[in-house]
Every structure is written in structure tokens, then in C-alpha cells.
Amino acid sequence: MLKTYQYRVYPTTKQRLTLEAWLDACQTLYNQGLAMRIETFKKTGKSISYNSQAGMLTVLRRHSSFWKGIHIDVLQDTLRRLDKTYDAFYRRLKAGEDPGFPRFKGRGRYRSITFSHLSVNLIRTIRRKFARVVVPKIGHVKIRYHRPLPDGQIKMLTIQRKASGWYANITVEMPDIPKIDIQSAVGVDVGLESFLTTSEGDKVENPRHLRRAEKALKKKQRHLSRRKKGSVRRRKQNTILAKHHEHVANQRRDFHYKTAHRLFSQYDAVVIEGLTIDNMKRNHYLAKSISDAGWGHFRLALSCKAENAGKHLLKVAPHGTSQICSGCGSVVRKTLAIRTHQCDCGTTLDRDHNAAINILGAATALRGGAEVTNSPEKPSRLTHDPDHG
């Protein structure tokens with residue numbers, strides 16, 4: 001199991017200028033590699049492999065002191081990312097999806113560099129909440145060491161530039177945590193009115209982070225549009241806007257992980273729908289709200305928490321969970337505007353609660369009909385305090 005730990009980085013002026021120069025060089029290398037692939041395909045009808053392009057780095061570094069000064073891991077990782085982009089393009093093309101041909105990287109669009117050959121003692125000089133991380137060919141860079149790294153083999157170090165500053169992402173390989181037996185399970189139906197509803201009837205309100213920040217974001221965007229292109233004031237305003245967007249993204253991420261933690265602290269298994277979120281966002285009226293809720297990232301958070309706790313995340317087909325009656329199994333057609341499920345059998349439930357019960361029932365059927373009995377003591381209700389995440 002791979003886990004990544006992120007730390008805030010405080011580089012010196014010289015280290016920051018070196019990192020920025022390397023990012024610009026990686027952007028250039030990425031664009032040149034992409035141009036070479038396009039030109040070769042036009043001439044020969046065939047693409048270039050990663051190994052062929054990586055082999056050219058030897059000649060490039062031999063004739064240029066600047067490229068020789070950049071660590072080889074960084075250059076190889078740049079070409080490896082380009083190769084992954086092409087693989088994803090061909091995969092989507094074969095699957096009949098919108099392929100999205102690889103694009104050139106604009107100014108400031110290349111934001112991270114990765115090292116795979118690292119010092120055995122990566123973290124050094126630990127003093128209170130600060131330490132120094134050994135970055136190849138850069139030196140000892142100061143970081144805020146707010147939590148210690150776990151025991152395990154360090155596989156990768158990524159230095160990332162965000163609007164709020166620099167960050168170090170350290171990837172550690174750790175032994176897998178064995179899965180526990182399922183003694184309690186819950187079905188979860190995600191939505192827009194409420195972020196989620198469980199099969200126990202508990203709800204978590206939708207915080208709508210983007211909607212709440214939209215007014216301030218629009219104001220900052222108007223200020224940016226009035227700045228002259230290429231000016232210092234435009235660059236500063238762009239940074240202010242990017243920091244605000246990053247803050248909204250951090251709020252959403254924090255909310256997802258805390259909600260996932262609360263679910264797995266109460267249940268051994270969480271059952272969700274295998275939604276095709278990209279298709280759902282084609283609805284013009286719901287696209288922004290779905291993106292604001294961040295269902296895809298929440299699913300990722302659930303998966304991470306399940307792996308870390310040795311618990312289970314189960315997915316079921318989403319077809320009919322809202323239309324089928326959880327009491328008798330009959331189909332009760334209703335539009336999105338109808339928020340209460342009412343059936344002739346006498347079952348009257350909140351629409352999302354009914355769907356969550358069906359989701360849990362579908363998982364039980366997939367497991368061969370094995371019943372999952374929750375604890376006689378009902379877990380405490382899931383709540384979300386918007387002031388504390």
C-alpha cells in the first residue's frame with residue numbers, strides 16, 4: 001500500500017529560483033516531446049515510445065550544461081507523464097469516449113517535479129515542528145514537519161508549486177492492512193439537496209463550498225479581467241484568485257475526508273452507487289452543483305479510508321435505486337422534483353433514504369444473500385458542523 005504525506009516547504013530564494021527554472025525546463029521538454037510525437041506520426045504513421053525519447057536525454061545532457069544540471073529523475077518523469085497522457089488518449093479512443101488529444105503546456109501549467117532516487121535519510125535536522133528534506137541537486141530544504149513519516153520504504157518525492165506556496169509530497173510504501181469481517185454495513189446515497197443520506201436515515205447537509213464563495217470569486221475574476229495582459233498587476237491578481245480557488249478546494253477535500261472517517265468509524269462496510277459522474281455532468285442545469293459536491297473525490301476519500309482502516313467499500317449498480325420501493329420491491333416512478341417516496345404497500349420515506357436502503361440491499365444480494373446485522377445500539381447520527389468541517 002502506498003501512502004503520500006504532504007508537507008509545506010519553505011525554500012530559500014536560491015532554491016526557489018532553481019525549482020522555478022526546473023519547472024520551466026520540464027514544461028519545455030514536455031512540449032518538445034509532444035511536438036516530436038505529433039511530427040513523427042504525421043511522417044511515419046507511428047508514434048514514439050517512452051524508451052526512445054528517454055534515450056535522447058543522454059545526448060541532450062551531453063551537449064548542454066543546463067540540462068545536465070537538472071536531475072535525470074525529473075527529466076525522465078516528464079517524458080513518463082507524456083507517455084501516460086498518450087496511453088490515456090488511446091484508451092479513451094478505443095472505449096469510444098471523447099478522446100481529448102494531449103495538449104501543450106502553457107506558461108505556469110507545469111507545477112511539480114518528481115524524484116525516485118532519494119537519500120536513505122530523507123528527513124534531517126528535526127527541530128520542533130520544522131525539519132529539512134534532502135532534495136537531489138537542490139540541497140536541504142526547510143519543511144514544516146507537522147507529523148512524522150511512518151516506518152516504510154520511501155518510494156518517491158514530489159515538489160509541487162501551488163498558489164499558496166511550495167509543498168513536498170513524500171510517498172511511502174507500507175504493508176497492506178488485512179480486511180476485517182463485515183459485522184455492520186451502511187448504504188449511502190449521495191445527492192445535491194443533502195450531500196448524503198444513509199440507510200439508517202441519517203443525513204449530511206451539502207456544504208456547497210463553491211456556491212458560498214461564488215460571489216467573492218466573481219469579484220476577483222472581474223478585477224483580473226480589467227488588468228492588462230502581461231502586467232505585474234494581472235499576475236498578482238491571478239495569484240489572489242488562484243489562492244481563493246485553492247481554499248475552496250481545500251475546504252471540499254477536508255469535508256470529504258472527515259465525512260468518510262465518520263462513516264468508517266461507525267461501520268465495517270460502506271456501500272455506494274457506481275455512478276458515471278462525467279455523464280451526469282452533461283446536464284447543464286446540474287453540472288456546477290455536481291462538481292461543487294465533488295462526488296468523485298468523495299468516492300476516492302472513501303476508498304483511501306477503507307484501505308487505511310482495513311474496512312470495505314462496496315459499489316453497486318445505480319439503476320433503479322430511487323424508483324424501486326424498499327418495502328415491497330415494486331417500481332414507483334417519480335421525477336427529481338418529488339422528494340418523498342410513497343408506495344401502495346404503505347411505505348412512505350424520504351426519496352434518498354429509500355434509495356440508500358436499496359443500495360444496501362443490492363450489496364447484500366451481491367454477497368450471495370449474506371445478511372449483515374448492524375449493532376443493536378444504533379450508531380450516533382452523522383452530523384456536520386460547517387464551522388469545524
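Leaving aside neighbours within four places in sequence, Ile123 is in contact with Ala131, Arg132, Val133, Ile143, Tyr145, Leu149 and Ile170, contact meaning heavy atoms within 4.5 Å. This is a predicted model, in which local features need pLDDT of at least 70 and side-chain atom pairs count only at pLDDT 80 or more, while totals for chains, interfaces and linings use all residues. Residues are numbered from 1 along each chain as its sequence is written, and side-chain values use heavy atoms, with hydrogens and water left out.

Ile123 also belongs to the largest nonpolar core, which has 41 residues; Ile113, Ile123, Leu157 and Ile159 are those with the most contacts inside it. A nonpolar core here is a set of buried Ala, Val, Leu, Ile, Met, Phe, Trp, Tyr and Cys residues joined through side-chain atoms within 4.5 Å; buried means under 20% relative accessible area, with a 1.4 Å probe and protein chains only. Helix 1, residues 13-44, gives the most to this core, with eight residues. Helices are DSSP runs of H or I, at least four residues long, numbered from the N terminus. A second, separate core of 22 residues includes Val186, Leu196, Ile277 and Ile290.

I turn now to helix packing. How do helix 1 and helix 4 pack, and at what angle? Their angle is about 45°, and their axes are 9 Å apart; axes are lines fitted to C-alpha atoms over the stretch in contact, and angles run from 0 to 180 degrees between N-to-C directions. The two are therefore oblique to each other, the class left once angles under 35 degrees count as roughly parallel, over 145 as roughly antiparallel and 65 to 115 as roughly perpendicular. From helix 1, the contact involves residues including Trp22, Leu29 and Arg37, and from helix 4, residues including Val74, Leu82 and Tyr86.

Helix 2, residues 50-62, also packs with helix 4, residues 72-94, at an angle of about 150° with the axes 10 Å apart. That makes helix 2 roughly antiparallel to helix 4. Among the residues making this contact are Tyr50, Leu57 and Arg61 of helix 2, and Ile72, Leu79 and Asp83 of helix 4.

Finally, consider Ala301, which lies in helix 9, residues 295-309. Is Ala301 buried or exposed? Ala301 is buried, with a relative accessible area of 0%. Not counting residues up to four places away in sequence, Ala301 touches His256, Tyr257 and Ala260. The C-alpha atoms of Ala301 and Thr259 are separated by 8.9 Å, although these residues are 42 apart along the chain.

Key:
Buried < 20%, exposed > 50% of the residue type's maximum accessible area, 1.4 Å probe, protein only.
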